[in-house]
Amino acid sequence: MAWLLIIGFLISGIAHSEIMDTEGMKTIVGSVWYRERMLLPPNAEILINLEEVARADAPSDLISSTRFAPEGGQPWTFSLAYDPAKLHDKGRYVLRARIEADGLLLFTSTEHIPAFDRSPGEPLKIMVSLVAGGNVPPTKPDASLTNTYWKLIELNGQPAELGAANRELHLVLATEGDRVQGFSGCNKFAGNYQRGDGQLHFEPLASTRMACITGMEQEKRFLDALGNIVRYALSGESLSLYDRQNQLILRFESVYLKLKFPKNSSGHHA
């Protein structure tokens with residue numbers, strides 16, 4: 001009977017914002033909002049960090065983080081998974097929130113939000129404030145999704161590297177036949193895609209079968225990422241691709257190709 005009481009006590013002590021997961025992981029659920037009456041640019045992203053701030057004279061330690069695109073109106077709900085094995089009894093754990101656009105900080109939380117010391121049933125809401133000089137930048141006309149050379153600049157949150165022979169990874173979505181083609185780091189690839197109302201899906205892609213000394217590891221990660229894409233967002237010259245968990249996994253920028261004109265017999269451009 002005693003062990004039933006102990007289990008009941010432990011369950012009752014779990015805050016409303018904390019959910020127990022499988023495989024030893026737990027999840028913190030909350031929301032982010034701000035007071036200012038303004039719209040976010042379409043390329044905005046929200047970053048949530050779980051940090052330990054045990055000592056005032058030491059930098060905080062990052063325990064877990066998540067990044068997602070805000071959809072619909074605020075408040076925006078977030079779900080942050082973390083490993084409880086990384087926590088200890090003497091730690092002080094807080095949540096921080098930021099809203100960024102193309103690396104520019106727009107909003108940030110200004111108070112330490114306790115991650116766990118909350119009353120049962122108390123909602124976890126993080127208010128962020130507009131930073132000084134953080135006016136939402138004016139948006140440029142969006143580049144066209146189709147018939148544009150898209151150069152890969154970010155893969156799974158890391159800067160994209162050049163492929164074999166120092167070639168940049170890229171893709172082009174042609175309107176004719178809904179075909180996509182590009183270079184994935186060692187090989188060329190091609191296939192079909194489907195799009196509609198912000199949704200984007202790549203059908204199984206075919207590629208050449210060359211072996212390269214460099215570029216093949218990134219090539220596999222790039223092609224795997226393309227297979228998981230379900231949504232896209234355009235902002236100026238930037239193309240962001242998201243997976244089923246609404247995580248940004250691929251980012252491209254448009255490149256304008258220089259036209260080459262044939263020379264006439266006198267050596268001058270026609």
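## Glu-154 and Arg-251

In this predicted model, a salt bridge joins the side chains of Glu-154 and Arg-251, with an N to O distance of 3.5 Å. Glu-154 belongs to strand E11 (residues 149-155) and Arg-251 to strand E20 (residues 248-255), so the bridge ties together parts that are 97 residues apart in sequence. Arg-251 has a relative accessibility of 11%. Arg-251 counts as buried because this value falls under the 20% cut-off.

## Glu-45 and Arg-67

Another salt bridge is formed by Glu-45 and Arg-67, whose closest N and O atoms are 3.4 Å apart. Glu-45 is located in strand E3 (residues 44-52) and Arg-67 in strand E4 (residues 61-68), so this pair ties together parts that are 22 residues apart in sequence.

The two partners can be described by their accessibility. Glu-45 is buried, at 6% relative accessibility, whereas Arg-67 is partly exposed, at 30%.

## Glu-51 and Arg-96

Strand E3 also holds Glu-51. Glu-51 forms a salt bridge with Arg-96, and here the closest N and O atoms are 2.4 Å apart. Arg-96 lies in strand E6 (residues 93-101), and the pair links distant parts of the chain, 45 residues apart.

Glu-51 has 8% relative accessibility and counts as buried. Arg-96 has a relative accessible area of 28% and is partly exposed.

## Network

Over the whole structure, the search finds nine salt bridges. A network of salt bridges links Glu-45, Arg-67, Arg-98, Glu-100, Glu-154 and Arg-251.

## Second largest pocket

Which residues line the second largest pocket? The lining consists of Glu-45, Leu-47, Ser-65, Thr-66, Arg-67, Glu-154, Asn-156, Gly-157, Gln-247, Leu-248 and Arg-251.

Strands E3, E4 and E20 each contribute at least two residues to the lining of the second largest pocket. E4 provides the largest share, three residues. By residue class, the lining of this pocket has two nonpolar, five polar and four charged residues.

Conventions:
Residues numbered from 1 in each chain as written. Predicted model: local features only at pLDDT ≥ 70, side-chain atom pairs only at ≥ 80, totals over all residues. Heavy atoms only, no water. Salt bridge = Lys/Arg side-chain N within 4 Å of Asp/Glu carboxyl O. Helix = DSSP H or I, 4+ residues; strand = E, 2+ residues; numbered from the N terminus. Buried < 20%, exposed > 50% of the residue type's maximum accessible area, 1.4 Å probe, protein only. 1 Å grid on protein atoms, 1.4 Å probe; cavity = no way out; pocket = protein on both sides within 12 Å on 5 of 7 lines; lining within 4 Å. Nonpolar A, V, L, I, M, F, W, Y, C, P; charged D, E, K, R; others polar.
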